[in-house]
Amino acid sequence: MTTDTTTKDTTPGAPTPGTTVLDARGVTMRFGGLTAVNGVDLTVNSGEIVGLIGPNGAGKTTFFNCLTGLYTPTEGEVRYKDQVLPAKSFKVTAAGIARTFQNIRLFANMTVLENVLVGRHTRTKEGFWSAVLRGPGFHKAEATSRERAMELLEFVGLAEKAGHLARNLPYGEQRKLEIARALASEPGLLLLDEPTAGMNPQETRATEELVFAIRDQGIAVLVIEHDMRFIFNLCDRVAVLVQGEKLIEGDSTTVQGDERVIAAYLGEPLANDPGATEAAEVEAAEAHAQADTTTDTAAGKENDR
Amino acid sequence: MTTQTTEKTPNTPATGAATGLIGIPPHLGRALATGGGLLTIVSTFLAWTWTAAFPGDLTVYGYPGGLQVLVLIGGALTTLFGLSSYGVKGLRWLTPAGADAALRFAALATFATTWYTVLAISLQLGGLVNLEPGAYIAAIVTLTALLGALALPFEHPAPDPIDPDETGWSLAKHRAGHGWQTVKAAFAAGEPGPVRALPSYAEILIIVAVLAVCLTVFTYGIGTEYDELFVGFLITAGFGFAAAHKAGLIRQATQITARHQTITIWGAFVAAALFPFTQTDDQYATIGVYILIFATVALGLNIVVGLAGLLDLGYVAFLGVGAYAAALVSGSPSSPFGVHFPFWAAVLVGAAASLIFGVLIGAPTLRLRGDYLAIVTLGFGEIFRIAVLNMDGTSGPDITNGSNGISAVPDLKILGFDLGARHDILGVTIGRFANYFFLMLIITAVVVLVFRRSSDSRIGRAWVAIREDETAALAMGINGFRVKLIAFAVGAALAGLAGTVQAHVTYTVTPEQYLFAGTTPPNSAFLLAAVVLGGMGTIGGPLLGAALLFLIPNKLQFLGDYQLLAFGLALVLLMRFRPEGLIPNRRRQLEFHDKAEAPAVLGKTGA
């Protein structure tokens, strides 16, 4: 796995020393007897992009949900800017952590602009009476919200589609819209859950640029991703989660070079050089399979009908 | 306005010569349809039957009466659309989306009304002998017009390739499916372009004209004196509306009204306020005020169901709470409190009682989602009714007088204006129910205002977001429970508001008025049906739905016991063919008809 040494990597590897935005200490999450996340520590500093990787089922999303208030950790605590996070997801957002979802969760039947306006919910106050009575304050707040929402759409490149229904956007743009919606809540920390899943290389590249641009606005970013190239290009630090525990944390090179990480992804090599026997076994199995294919395919076709 | 190029999938240009459903040459068909329409008009001036035993006077040569007027309108529509399809100057504006489909529907409307009339005469009077030549002529010319219209060419859909393995039943199904596609294509219409921006006075004049037509149609429908006329009215109005829709007129009118929303809403209220002045008899104002009560409550329910997506099956209880609360404090002799509040105070008491009841029910139940909420609200609706029934002094405290209810609620006097008495305004006598009609109209206006303003605001967006995806809405910082509780409470308070007037209109408030399902609206099932039928999330939808659901059972007394059956059947059909409701929310239209007929771009708000 080679890294593209982009301009970013050549800049001083150490992140600009910022204040600690997110501080998770000993987060443990148990579901009955299953420990999905076990004593994970993670800090994210302002102006930093941190990656979280790990094989499927490693507990990344569970950990994410602990950070966003969807789950309350069984043990440990999560602090955001020195405040312990409340246990309700809407309060977490109000505190300043915004997130996107692994499987896109837009408000499909609202327009692009309305989606972003919903994201502004925590930063506006106008309640029911204000809406019905429509005083000057209401119009002002509404105008500000719309202006800010349009700025964000401009930022992610969706300004022209403000009037479209979210459901009619192509996949890549839906991802962008989800990010814009999250940014609308003016977060100090943005959590991205697999932002490039299902994207082609160009779109991935564009997302990368977008995340850098978000970082440049001073927003800390925590990314879960499977795309290694993407994550090693992007992140200042990468933490690896395996079977609910944090294996290692460090910059791209450290993590990529670590044998345990490779082992976690590719499996351990067997103790006594297994090459020859293994190969023979495989060959035999293949030959056996070949013999079966003729009958199998015929049977398969029958079943297809 | 960013217009998208409408993707009209070109239906197989390879099929070659477009033909009609019937093998008559198209030019002949067009002539037949137009001429048939013209002759239909003439035929309505003839006598259709010899005796006045059939209601409405159809025995007179020289002017049309009763059902003939409807046929005359249908014939006129057919002729106009026919002429427009020839490209006659000055009539082309009638059919911005192409005249052929409109012509078909107009011909169908005329045909159906005429043949319904002819059959009704012969069945009721016992045989075809009761028909005068005029009726035969009308029947024949309308049939000719219809056949002519059906012969007009249209784009046939490409037949699905037939799988050679298909046999028997599945093949027949396949063929039938294709036949149905063809028929659908025959009645399909093109997409009208956006309306040119006219000077605003002209657009306002158009809005006034549209509202005048609506008021006329509505007044005529309410005023129909016998079953046959009402059925004829439904047939003509239904197909006529379809014809106008296919002609693209409705779409264009919608565009114009969307540009002047505020004016349209004001205009609609003025038109509604004019309704009592068109009536000579308080009888129809009675229907009017009941429709308004029903429609207002349905509109309140639309906030809960249409915007916030909370399925409330016990909504009528809030109307009941408001009505009981107002009745109890309005000086009724059967009220144990013996107080007589002025109207404004009674209104506040009613709305506040409903609001509190709404919060009490909502607080524990709104943590549930979907089906569970529906079941719990259904239960609470019944609990209200039974509780009220039992508070009669024997089974419980003596408050509501049990099944006898609170009776003899006195008429209102507002600022010295006695709503129970007749008044002469502008030379028109305005009776008791007309007075209440005006009062109720104000309440409706309040509900419309609340609906409109709240839906286009932070709270309204939060409601829709909760409906769309609750988890994502929570992750966006929306306090789901609080926002849902507000929707529930607002809906309850609005229903209570309507209830305060209802208590005075009906004199008596009894538990039996607030059932889950019954034959007379409003009840929870009918309220929900009015919302779904009319169109969720819109203002016009529940109003129209409520009007239809009130008028149809009220007018078609002969349906009797089959009324609910027919009603259920109609709902099933509607949900099959127009799931977004009669007046669709643009959003919901997009949801159900992915690309075909809906615009891809919404306006600035879209609510």
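Two strands count as paired here if DSSP finds at least two bridges between them. Keep that in mind for the first stop in this predicted model.

**The sheet in chain A.** Select strand 1 (residues 20-31) and strand 4 (residues 75-80) of chain A: they pair in the antiparallel sense, over 5 bridges. For one of these bridges, pick A:Leu22, whose partner in strand 4 of chain A is A:Tyr80. Now widen the selection to the open sheet, in which 4 strands of chain A run in the order 2-1-4-5 with antiparallel pairing. Strand 2 (34-45) and strand 5 (83-84) of chain A have a single partner strand each, so these edge strands are left with one side that has no neighbour in the sheet.

**A:Leu189 and the cores.** Next, select A:Leu189. In the largest nonpolar core, which has 186 residues, A:Leu189 and B:Ala487 touch the most other members. Move to helix 10 (residues 282-307) of chain B, which supplies 17 residues, the most of any contributor to this core. A separate core of 52 residues includes B:Leu77, B:Phe154, B:Ala186 and B:Ala242.

**Where the chains meet.** Finally, show both chains together. The contact draws 32 residues from chain A and 32 residues from chain B. On the chain A side, select helix 3 (89-95), helix 4 (112-119) and helix 5 (128-133), each of which provides at least two residues. Coloured by class, this side of chain A shows 12 nonpolar, 14 polar and 6 charged residues.

Note on methods
Residues are numbered from 1 along each chain as its sequence is written. Chains are lettered from A and ligands numbered from 1 in the order in which they are written. This is a predicted model: local features need pLDDT of at least 70, side-chain atom pairs count only at pLDDT 80 or more; totals for chains, interfaces and linings use all residues. Two residues are in contact if their C-beta atoms, placed from the backbone, lie within 7 Å. Ala, Val, Leu, Ile, Met, Phe, Trp, Tyr, Cys and Pro count as nonpolar, Asp, Glu, Lys and Arg as charged, and the others, Gly among them, as polar. A nonpolar core is a set of buried Ala, Val, Leu, Ile, Met, Phe, Trp, Tyr and Cys residues joined through C-beta atoms within 7 Å. A residue is buried if 20 or more other C-beta atoms lie within 10 Å of its own, exposed if 12 or fewer, and partly exposed in between; C-beta atoms are placed from the backbone.
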